[in-house]
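Colleague: I would like to go through the labels in this model one by one. Tell me what each rests on.

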2 protein chains.
Amino acid sequence: MAAVTKTVTKLPAPVTYPDPRGDPELRKEVAAYLGLARGLRCNPSQVLVTGGFSGALGLAIRGLQLGRMGAWIEDPGFPLTRTALGLAGMAVTAVPVDAEGLDVAAGVRSAPGAKLAVVTPGQQAPLGMTMSLPRRLALLAWARRSDAWIIEDDYLSELQLKGRAAPALASLDDEGRVLHIGSFSKTISPALRLGFMVVPPELSRRFGELAACMAPAPAAAVQRAVAEFLREGHYIRHLRRMKRLYAARRATLLRCLGEVASDSIKVQATAGLAVMILLPEFASDVDVALRALQFCLAPAPLSPWYMQPPRQQGLLLGVTNLNERRLPADCRRLLELAR
Amino acid sequence: MAAVTKTVTKLPAPVTYPDPRGDPELRKEVAAYLGLARGLRCNPSQVLVTGGFSGALGLAIRGLQLGRMGAWIEDPGFPLTRTALGLAGMAVTAVPVDAEGLDVAAGVRSAPGAKLAVVTPGQQAPLGMTMSLPRRLALLAWARRSDAWIIEDDYLSELQLKGRAAPALASLDDEGRVLHIGSFSKTISPALRLGFMVVPPELSRRFGELAACMAPAPAAAVQRAVAEFLREGHYIRHLRRMKRLYAARRATLLRCLGEVASDSIKVQATAGLAVMILLPEFASDVDVALRALQFCLAPAPLSPWYMQPPRQQGLLLGVTNLNERRLPADCRRLLELAR
């Protein structure tokens, strides 16, 4: 491997314990970015730098002190969220999502006493729809009425390939019920394991104490580098570039899949970074995904994202990392497997 | 500031989510290091890479699932540990330490039902004594008898200035009751915010799941760099060099303080990286420490480390970072303040 030469300037070398709530510069940059890109006005004192989404989720669960109370999650929804709430001892209720996102009325019917809802309003994970404004308002009204909390998992931030990303749910929150979690895993690199959480002002002190004792912000150098990346405008430019690149890759993927799709297999784009392939009922998406590992394509099976039957069988194909040369052949082989 | 040019070779660039339990290479190196330097034989699968000591403590508190049970801490002891256990809702009992370390019999008398003890057996924080072998065996016997857990805070590892560091308490643990926490904060740099925890084999799966959902290991690049530092032998050599350097600095500090000490103010070395100055009862160490901030010396007041009165008034002076030229004058001014 060739040697990489890099010139580093200006950054003072950090030598002491980093602020456990996060590097002040990074917290300032994150707050500024959220104001611009997510419509979310907050003070840097409300921002905590975390070990990605899961680090933030752990801190939120600890800080909200909900014990064994009930929590709503989206069905289908991110399996890690479900596992985390379960391991923390909460009573998890799967609430269905429809074209407008989480069905708030269904949540109220099945778990009226819940004290937490974890949602992906920007691009529902995994189905990709954006939560509608009426649903957002209904969810916020429920939280106010029930003295409950909402965790907004904003995993893609503005990195949405279809149209312009909606503002964050937290931007509509006048009552301080929403904890907004963002991450650099999809927008820069998962290898950074870097994320952040914006908490309502009343919680910032308690969360800061918890971070100091039990979940401190990560290495100073990583935080400083990302702060600089944001401050100098590289991050916004990078996102713009990635949107164009991923949209082009998605178009190629959709075209290749379209050429080989059949009546029993539906292909659809989501607002996120994946293309969804819906399989017939009798297929096993887990099985297909396992067998597909021999290609460049590494689809994630859809059914494990469901808590309750009927579990839609399907495949989620990421568009970020494709080998365009091999794509036509790989798509054909994938859909042959799925048939 | 001059540009820093650095050539990086050999390390493959990490591009995906790091293993939430920690980089496999680093876990392997940590296990090998602990076997050599701390007499602690463990499998890399028992090692979790954490956000320093506090990240490990948070994970341990979550993973042990002790709810509102009782916990012993050392008195005096590390304030952050006390705060963490308190915030987690545990009933904290301060157990006195004597020349042999934590007084196990006193713990049994005052909180017989405790299910956790957090100790610093290597170099008691802050008093610096090493826990004696009989005490270690008594503590392990208590844990076995009471179905309780021990967290070993091995914050200095082998970086001990007086004699050779004793093996880790966990090396004597045949029953899987000890969680051993180490950190690179004192031995490399606190700016890394990097630590690790060795859990008994029966806990490694549960802790791995918790780490994945709520407290993942930090950025891949930081872990890989430290793994390389260990693998190539730099870490062991660095510790050896630091021991010599810090011992010399400590000797200088003790000499300067000795020249100005008086009958009412006692100066004593600890096994750790600090020199302790014991002040008369009527002094306020917090006040002296605040006023001393004007010098290079930034002593930590001793009394906040105590939970129960009488709280010894004193100052802890770190030896790692001293301005030797200014030292004689600063020591004189410090002890004038303390008088």
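Colleague: Which residues are linked in a network of salt bridges?

Modeller: This is a predicted model. The network joins A:Glu25, A:Lys28, A:Glu228 and A:Arg231.

Colleague: What makes A:Arg231 and A:Glu25 a salt bridge?

Modeller: Their side chains meet at 2.8 Å, N to O. The cut-off is 4 Å between a side-chain nitrogen of Lys or Arg and a carboxyl oxygen of Asp or Glu, so the pair qualifies.

Colleague: Which parts does the pair of A:Arg231 and A:Glu25 tie together?

Modeller: A:Arg231 lies in helix 7 (residues 220-231) of chain A, and A:Glu25 in helix 1 (residues 24-37) of chain A. The pair therefore ties together parts that are 206 residues apart in sequence.

Colleague: Why is A:Arg231 called partly exposed?

Modeller: Its relative accessible area is 38%. Buried needs under 20% and exposed over 50%, so 38% falls in between. A:Glu25, with 31%, is also partly exposed.

Colleague: How do you know that A:Arg21 forms a salt bridge with A:Asp19?

Modeller: The closest N and O atoms are 2.9 Å apart. That is within 4 Å, so the pair counts. A:Arg21 is partly exposed at 33% relative accessibility.

Colleague: What makes A:Arg333 and A:Asp330 a salt bridge?

Modeller: The N to O distance is 3.7 Å. The limit is 4 Å, so this pair passes. Both residues lie in helix 10 (residues 327-338) of chain A, three residues apart, about one turn of the helix. An α-helix has 3.6 residues a turn, so residues three or four places apart point the same way.

Colleague: Is A:Asp330 buried or exposed?

Modeller: Buried. Its relative accessibility is 1%, and the label needs under 20%, so it applies. A:Arg333 is partly exposed, with 34%.

Colleague: How many salt bridges does the rule give over all chains?

Modeller: The count comes to 28.

Colleague: Now chain B. How do you know that the buried residues of helix 3 of chain B line one face?

Modeller: The buried residues of helix 3 (residues 79-87) of chain B are B:Thr81, B:Ala84 and B:Leu85. Seen down the helix axis, they fall within an arc of 95°, so they line one face.

Colleague: What covers the buried residues of helix 3 of chain B?

Modeller: The cover includes helix 6 (204-214) of chain A. From chain B it includes helix 2 (52-64), strand 3 (70-75), strand 4 (91-98) and strand 6 (116-119).

How values were computed. Residues numbered from 1 in each chain as written. Chains lettered and ligands numbered in written order. Predicted model: local features only at pLDDT ≥ 70, side-chain atom pairs only at ≥ 80, totals over all residues. Heavy atoms only, no water. Buried < 20%, exposed > 50% of the residue type's maximum accessible area, 1.4 Å probe, protein only. Helix = DSSP H or I, 4+ residues; strand = E, 2+ residues; numbered from the N terminus. Arc of directions from axis to C-beta. Contact = heavy atoms within 4.5 Å.
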